[in-house]
There are 2 protein chains.
Amino acid sequence: MAKDEKKLVEEITSMNEDFAKWYTDIVKKAKLVDYSGIRGCMVIQPYGYAIWENIQKELDRRFKETGHENVYMPMFIPESLLQREKDHVEGFAPEVAWVTHGGTEKLEERLCVRPTSETLFCDHYANIIHSYRDLPKLYNQWCNVVRWEKTTRPFLRTMEFLWQEGHTAHATAEEAEAETLRMLNVYADFCEKELAIPVVKGRKTDKEKFAGAKATYTIESLMHDGKALQSGTSHNFGDGFAKAFGIQYTGEDNELHYVHQTSWGMTTRLIGAIIMVHGDDAGLKLPPRIAPIQAVIVPIAQHKEGVIEKAEQLRATLSSKFRVKLDASDKSPGWKFSEYEMKGVPLRIEIGPKDIENNQAVLVSRTTREKFFVSLDNLEEEVANHLEKIQQEMLDAALQNREEKTSVAVSYDEFKETIENKGGFVKAMWCGDVECENKIKEDTSATSRCMPFEQEELSESCVCCGKPAKKMVYWGKAY
Amino acid sequence: MAKDEKKLVEEITSMNEDFAKWYTDIVKKAKLVDYSGIRGCMVIQPYGYAIWENIQKELDRRFKETGHENVYMPMFIPESLLQREKDHVEGFAPEVAWVTHGGTEKLEERLCVRPTSETLFCDHYANIIHSYRDLPKLYNQWCNVVRWEKTTRPFLRTMEFLWQEGHTAHATAEEAEAETLRMLNVYADFCEKELAIPVVKGRKTDKEKFAGAKATYTIESLMHDGKALQSGTSHNFGDGFAKAFGIQYTGEDNELHYVHQTSWGMTTRLIGAIIMVHGDDAGLKLPPRIAPIQAVIVPIAQHKEGVIEKAEQLRATLSSKFRVKLDASDKSPGWKFSEYEMKGVPLRIEIGPKDIENNQAVLVSRTTREKFFVSLDNLEEEVANHLEKIQQEMLDAALQNREEKTSVAVSYDEFKETIENKGGFVKAMWCGDVECENKIKEDTSATSRCMPFEQEELSESCVCCGKPAKKMVYWGKAY
């Protein structure tokens with residue numbers, strides 16, 4: 001066994017033994033990310049970046065279909081501009097990177113590296129919005145942002161990350177609310193259809209909402225270890241930013257009105273979600289729709305006459321419809337099987353001399369590991385069907401896992417016991433007071449994930465203080 | 001005439017009167033860019049950003065076809081990392097933005113915002129390259145970079161700009177040189193085929209080469225005002241960076257070798273080139289292949305029955321193959337004609353009651369302003385042909401303009417006279433000494449653009465000092 005081979009068949013830490021180490025092993029061994037010399041900043045390697053490109057492509061298509069246009073704002077925000085909206089600056093100022101010098105010259109005013117771009121969009125909107133004819137403005141930006149985090153983990157929490165941020169301006173409060181919910185639904189649909197990740201949709205409590213927002217909506221997903229991950233948020237700003245930045249338009253009534261705004265974002269942390277929702281002890285499992293390699297062709301007994309030629313012929317045919325790779329390297333088939341399982345490739349296609357004789361290929365599913373002998377005459381159709389099936393199986397498995405890890409708690413003892421021993425989502429009633437949220441966080445380190453749109457009345461009193469309950473909340477420990 | 005209408009038919013400054021103002025007028029009136037509150041940073045508006053997206057798509061396709069993979073590196077470079085390669089730090093340190101604080105804490109080591117990412121790629125390559133099997137590494141990155149420029153102009157020279165930077169590592173010097181030239185050719189092909197911009201390919205003199213490079217190759221294009229624009233560069237680093245960063249691999253010979261590296265980049269300044277190569281006094285002229293709107297449909301007498309319906313039907317049919325817009329707003333057809341001419345839309349499609357009666361539409365070319373009456377039965381084919389024709393006409397016109405503005409100078413008086421009165425490219429012989437480059441720059445403000453691959457022997461002596469000539473050089477004033 002060559003030196004390279006040894007290194008790769010080395011075991012990934014088992015999930016149950018140490019979930020955090022399992023995660024790091026996968027990130028490194030599947031070559032998604034390399035650590036950089038800069039604290040908390042990632043080098044996103046080709047395989048990781050290709051996942052992000054596929055995410056971008058599918059999200060961007062949905063944004064454009066819903067009438068949004070892409071723009072690009074500066075990456076620097078002057079300190080005075082950041083300070084324009086009170087809640088916003090309080091939320092972000094403690095965690096921004098400050099540029100104080102340009103070349104050898106000290107700047108008169110510090111610039112922060114954008115942690116998010118509300119203030120820049122507002123400044124621009126104040127320039128370009130004058131009349132009701134200018135509305136709505138439906139803008140989106142793909143870019144990098146920086147938040148000075150204390151502890152970081154690849155994809156999940158990094159100082160610099162990649163994301164998209166939608167920023168829209170509307171004539172009325174109703175339109176802004178409709179947009180906020182529309183984009184939340186776009187996110188939820190994207191997660192379920194493309195990433196095979198089921199999400200709970202709901203509203204954040206005041207404690208958990210975005211700095212400067214009137215209302216924050218969220219999609220929450222559940223990882224394999226029972227922790228929650230906020231996977232996308234959509235904020236309704238009302239006219240708060242418009243008042244701070246003076247964004248007014250002349251209406252059909254010839255009067256001046258403030259615009260109503262929204263923003264919504266999804267980030268490279270989605271790649272962390274994919275890893276932790278779908279992965280297993282053999283490695284990554286990628287949903288076919290965003291997998292950089294949807295099917296890998298592994299020739300068997302490739303030294304025999306005609307095998308590599310046939311494999312190459314299959315690759316050429318399939319590659320017009322699928323993202324296919326042929327691995328004709330001199331590694332052993334067994335090594336290749338492990339390698340592409342670890343890399344989460346949904347489908348393996350084996351072709352050897354016997355298969356060629358029988359005009360067949362062997363398809364092996366990453367999800368079930370079942371083998372299927374299929375005729376080469378309808379290989380394209382079979383590959384399409386199997387990828388479709390794998391995508392569905394992954395969503396089903398994720399849904400089942402979430403359901404198994406979702407509990408109900410009516411008493412506080414039951415609540416604490418469940419958070420501590422079982423984890424997952426705990427549904428429980430809440431009085432609406434931030435004091436109870438604080439106490440729950442202190443006692444259990446769980447936070448309110450959201451007040452789901454689908455409310456249930458589990459009991460009449462708050463699980464924490466016993467006062468009359470106002471809302472059912474999903475609680476959980478979160479990344 | 002409504003207030004909005006007045007504003008738009010307002011004249012653009014004529015090119016001949018004031019080229020710089022003409023440029024700024026177009027950038028603002030076509031809504032490519034809005035100025036931001038941050039010195040030298042642009043807000044790229046939807047129409048401008050859509051051009052960039054089309055450029056990205058076409059370049060990215062070419063990169064992937066030539067085997068390159070996209071990655072993402074951190075945007076910060078620690079000061080000590082930037083200093084690792086001597087020439088490189090000398091070239092860039094005076095023009096970087098420095099981050100000195102994270103949140104409220106002062107950093108132990110300053111971080112610069114990347115002006116380019118050689119040092120980061122080298123640091124990563126040192127981590128991941130061990131064996132000849134790891135080579136070549138053919139990476140590319142799409143990102144933003146910052147250079148603390150003194151004077152800035154939208155697209156042409158901005159503090160922050162968007163670009164792609166390819167960074168590759170190879171086993172041998174020959175492979176690195178081949179890659180450097182291959183990517184220069186990809187750039188040249190892209191400019192001519194997609195942007196309709198002819199370029200001169202050549203090598204930079206030592207004075208003009210990239211900080212840290214062994215050789216820099218460039219493509220130079222000529223603007224309407226006779227100034228040159230460096231439109232893309234490709235650098236061969238030899239093993240200089242590899243030695244500074246310790247990037248070594250074990251060869252098939254079992255010995256340690258340094259890798260040989262390249263980098264190459266193209267930026268949002270290409271949008272400036274498109275404006276200045278193709279535009280005229282009516283506004284932008286966009287090459288069909290990268291135009292956000294390839295054809296605009298303007299209904300005539302749109303209040304008449306069936307006109308808007310027919311126009312919408314044409315839009316629906318054409319939009320499967322082309323980027324089409326239907327403007328059914330209540331503005332006058334004349335206003336729309338000017339507006340989309342100003343925005344550089346290559347083809348206008350007029351459809352009115354008489355056209356519908358005759359089963360025809362009127363096509364109007366942005367380049368020649370000719371009108372063509374075409375049958376609706378083969379509208380798709382006609383649109384395709386006209387777009388193809390316009391693309392070719394734009395390249396031809398740009399080529400003709402460049403040829404008219406390219407001169408030969410044998411004596412220094414002739415050289416100075418041509419630079420001062422005619423501008424454009426001046427081909428002249430050079431002895432190879434930096435002193436002559438310096439003198440020419442001082443006397444005329446022209447710089448050596450490149451030593452073209454296609455050398456001619458115009459005379460035997462240097463145009464400046466009269467000593468024996470080594471190279472023919474393209475000289476010119478440049479952006």
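W430(A) has K471(A) as its bridge partner in β23(A). Five bridges join β21(A) to strand β23 (residues 471-476) of chain A, and the two run antiparallel. Strands pair if DSSP finds at least two bridges between them. Helices (H or I, at least four residues) and strands (E, at least two) are DSSP runs, numbered from the N terminus.

Strand β20 (residues 406-408) of chain A also pairs with β21(A), in the parallel sense, over three bridges. There, V408(A) has K427(A) in β21(A) as its bridge partner. Between β20(A) and β21(A) the chain passes through helix α14 (residues 412-421) of chain A, and this β-α-β crossover is right-handed. That term means that, with the strands pointing away from the viewer, the path from the first strand over the helix to the second runs clockwise.

Strand β21 (residues 425-430) of chain A is largely enclosed by the rest of the structure, because six of its six residues are buried. F425(A), K427(A) and M429(A) point one way, V426(A), A428(A) and W430(A) the other way, and all are buried. Buried means 20 or more other C-beta atoms within 10 Å of the residue's own, exposed 12 or fewer, and partly exposed in between, with C-beta atoms placed from the backbone.

## Model and numbering

This is a predicted model: local features need pLDDT of at least 70, side-chain atom pairs count only at pLDDT 80 or more, and totals for chains, interfaces and linings use all residues. Residues are numbered from 1 along each chain as its sequence is written, while chains are lettered from A and ligands numbered from 1 in the order in which they are written.

## Chain A as a whole

Chain A has 15 helices and 23 strands. Its C-alpha trace spans about 80 × 55 × 50 Å along the principal axes. A compact globule of 479 residues would have a radius of gyration near 23 Å; chain A has 25 Å, which agrees. The radius is taken over C-alpha atoms, and the globule rule is 2.2 Å times the number of residues to the power 0.38.

Buried residues make up 49% of the 479 residues in chain A. Of the contacts in chain A with a separation of 6 or more, 69% link residues 24 or more positions apart. A contact requires C-beta atoms, placed from the backbone, within 7 Å.

## The A-B interface

In the interface, 42 residues of chain A contact 42 residues of chain B. Elements that each supply at least two residues of chain A's side include α3 (46-65), β5 (97-102), β6 (105-113) and β8 (160-170). β5(A) gives the most, with six residues. This side of chain A divides into 24 nonpolar, 12 polar and six charged residues. Ala, Val, Leu, Ile, Met, Phe, Trp, Tyr, Cys and Pro count as nonpolar, Asp, Glu, Lys and Arg as charged, and the others, Gly among them, as polar.

β5(A) pairs with strand β5 (residues 97-102) of chain B in the antiparallel sense over five bridges. V99(A) stands opposite V99(B). Helix α6 (residues 118-128) of chain B is mostly covered, with eight of its 11 residues buried. Among them are F121(B), C122(B) and Y125(B).

## Symmetry

A rotation of 180° with 0.0 Å of shift along its axis superposes chain A on chain B (RMSD 0.0 Å). That is the relation of a two-fold axis. Superposition is by least squares on the C-alpha atoms of residues with pLDDT of at least 70 in both copies.

V99(A) comes closest to the rotation axis of the residues of chain A, at 2.1 Å (C-alpha). The same surface serves both copies: 100% of the contact residues of chain A recur in chain B.

Note on methods: Two residues are in contact if their C-beta atoms, placed from the backbone, lie within 7 Å.
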